[in-house]
Amino acid sequence: MMRWLRLRRMRRTFRALPERDRAIFGSVRFDDCDYIETAQRHGCTVEEVDQTVARVLIALDRAARGK
């Protein structure tokens with residue numbers, strides 16, 4: 001599949017996620033925060049951070065594969 005199409009689907013999927021999920025994922029992946037710092041920053045538990053990151057990665061993977 002064409003790379004640009006896959007990236008477009010992933011971008012659309014990311015934008016459709018809840019703001020909180022995008023913010024938590026961004027803290028971990030883009031701001032290079034660990035899960036403890038991310039949990040403190042967003043007022044949640046480390047487990048919630050872990051679940052959110054997993055949920056976002058699964059959604060992006062499905063989008064990349066066209067599912």
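Me: Is Thr 38 buried or exposed in this model?
Reply: Let's start with where Thr 38 sits in this predicted model: its place is in helix H3. Its relative accessibility is 0%, and the buried class covers values under 20%. Thr 38 therefore counts as buried.

Me: Which residues is Thr 38 in contact with, leaving aside its neighbours within four places in sequence?
Reply: Happy to list them, since Thr 38 itself is buried at 0% relative accessibility. With the neighbours within four places in sequence set aside, the contacts of Thr 38 are Ile 24, Ser 27, Val 28, Cys 33 and Val 49.

Me: How far away is the cysteine sulfur nearest to that of Cys 33?
Reply: Cys 33 is buried, with a relative accessible area of 7%, and Cys 44 also counts as buried, at 13% relative accessibility. Cys 44 is in no disulfide, its nearest cysteine sulfur being that of Cys 33. Cys 33 is likewise in no disulfide, and the sulfur of Cys 44 lies at a distance of 12 Å.

Me: Which residues does Leu 17 contact, leaving aside its neighbours within four places in sequence?
Reply: Leu 17 is one of the 11 residues of the largest nonpolar core, and that core also includes Val 56 and Ala 59. Once neighbours within four places in sequence are left aside, Leu 17 is in contact with Arg 22, Val 56 and Ala 59.

Me: What is the relative accessible area of Asp 21?
Reply: Asp 21 lies in helix H2. Not counting residues up to four places away in sequence, Asp 21 touches Thr 52, Arg 55 and Val 56. Asp 21 is in the buried class, with a relative accessible area of 7%.

Me: How many residues apart in sequence are the parts that Arg 55 and Asp 21 tie together?
Reply: The side chains of Arg 55 and Asp 21 meet in a salt bridge of 3.2 Å, N to O. Arg 55 belongs to helix H4 (residues 46-64) and Asp 21 to helix H2 (residues 19-29), so the parts tied together are separated in sequence by 34 residues.

Me: How many salt bridges does the structure hold, and which residue does Arg 41 pair with?
Reply: The structure holds four salt bridges. In one of them, the closest N and O atoms are 3.0 Å apart, and Arg 41 is paired with Asp 31.

Me: Where does Asp 31 lie?
Reply: Asp 31 forms a salt bridge with Arg 41. The pair ties together parts 10 residues apart in sequence, because Arg 41 lies in helix H3 (residues 35-42) and Asp 31 in the loop between H2 and H3.

Me: What is the distance between the closest N and O atoms of Arg 65 and Asp 61?
Reply: Asp 61 is partly exposed, with a relative accessible area of 35%. Arg 65 forms a salt bridge with Asp 61, and their closest N and O atoms are separated by 2.7 Å.

Me: What is the phi of Asp 32, roughly?
Reply: Asp 32 is found in the loop between H2 and H3 and is exposed, with a relative accessible area of 68%. Most residues other than glycine have a negative phi. Asp 32 is not a glycine, yet its phi is positive, at about 60°.

Me: How far apart in space are Thr 45 and Arg 20?
Reply: Thr 45 has its place in the loop between H3 and H4 and is partly exposed, with a relative accessible area of 42%. Thr 45 and Arg 20 are 25 residues apart in sequence, and their C-alpha to C-alpha distance is 13 Å.

Methods
Residues numbered from 1 in each chain as written. Predicted model: local features only at pLDDT ≥ 70, side-chain atom pairs only at ≥ 80, totals over all residues. Heavy atoms only, no water. Helix = DSSP H or I, 4+ residues; strand = E, 2+ residues; numbered from the N terminus. Buried < 20%, exposed > 50% of the residue type's maximum accessible area, 1.4 Å probe, protein only. Core = buried A, V, L, I, M, F, W, Y, C linked by side-chain atoms within 4.5 Å. Contact = heavy atoms within 4.5 Å. Disulfide = S-S within 2.5 Å.
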